[in-house]
Amino acid sequence: SRKRMCRSTPPAPPPYVPPSGDAPVPGRKGEWAHGLCACWSMCPSIPVLSSVLFCFGYARSLSRAGIFPYRDVLIITTAYFIIHMIAEAVLTAYAISAGYDDEDDAIEEGGPGLPPWFMLLHRMVHAMSTAFWFLAVFVRVRLVQTYEIQENACTSCLVSTFCPPCALGQQIMHVDTVEYGVVQQDCSLEEKHPSVVMH
């Protein structure tokens, strides 16, 4: 007689729990789920995403909110960062080689005597910085509209201007809290929240 092999179904994966063991904090409609500077005390990994790895911070929050694809945001922000850093390095290197202290000193002291390409690149860097500022404000305003948060455009503009890392950190935490019930506590660069990956 043949023995029948019983295939047992694998157990369901356990729910995602942050390393700190904190209970999920539900977001309330009309306000941010967390304070502007909450990430520095309750989630130390978020400041890294909002300052050092800000490209991934923007991509993660916007994709999880269903506003823009993760890959598109990551390409745009990373391209900006690389081009901006290279341009700044070229301007600083030329200014020092020409006997100036830095780029700003060259603009102030050199003036019309500087080569045309230097002035053009200098203006391009400033234009890129302004464009990224507009992007930061746009992202916050879009999230405010998406989650119906009571914050006017002027406040969004001021927060994004004077404290961009705190603003981005608050946005990342809000999206995680509202969409998944808990803030991801690590610096993972993955698009999906761990609660989605585990299921």
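**Note on aromatic pairs and surface patches**

1. Tyr 80 has a relative accessible area of 17% and is therefore buried. Buried means under 20% relative accessible area, exposed over 50%, and partly exposed in between (1.4 Å probe, protein chains only). Accessible areas come from the Shrake-Rupley method with a 1.4 Å probe, and for residues only the protein chains shown count as cover.

2. This is a predicted model, in which local features need pLDDT of at least 70, side-chain atom pairs count only at pLDDT 80 or more, and totals for chains, interfaces and linings use all residues. Residues are numbered from 1 along each chain as its sequence is written, and side-chain values use heavy atoms, with hydrogens and water left out.

3. Nine aromatic pairs are present in the structure. Rings of Phe, Tyr and Trp (its six-membered ring) pair if their centres lie within 6.5 Å; planes under 30 degrees apart count as stacked, over 60 as edge-to-face and the rest as tilted. One of the pairs joins Phe 54 and Phe 81 edge-to-face, at 5.7 Å centre to centre with 75 degrees between the planes. Phe 54 belongs to helix H3 (residues 54-64) and Phe 81 to helix H4, so this pair ties together parts 27 residues apart in sequence. Helices (H or I, at least four residues) are DSSP runs, numbered from the N terminus. Phe 54 is buried because its relative accessibility is 13%, while Phe 81, at 36%, is partly exposed.

4. Tyr 80 and Phe 132 make a stacked pair, 4.4 Å centre to centre and with 10 degrees between the planes. Since Tyr 80 is in helix H4 and Phe 132 in helix H6, the pair ties together parts that are 52 residues apart in sequence. Phe 132 counts as buried, at 15% relative accessibility. Ring pairs link Phe 54, Tyr 58, Tyr 80, Phe 81 and Phe 132 into a cluster.

5. Phe 81 also takes part in a nonpolar surface patch of about 550 Å², together with Ile 82, Met 85, Ile 86, Val 90 and Trp 117. Patches are made of residues with over 30% relative accessible area and no salt bridge: like charges are joined within 9 Å, nonpolar side chains (Val, Leu, Ile, Met, Phe, Trp, Tyr) within 5 Å. A salt bridge is a side-chain nitrogen of Lys or Arg within 4 Å of a carboxyl oxygen of Asp or Glu. H4 gives the most to this patch, with five residues. Trp 117 sits in helix H6 (residues 116-146) and is partly exposed, at 39%.

How values were computed:
Helix = DSSP H or I, 4+ residues; strand = E, 2+ residues; numbered from the N terminus.
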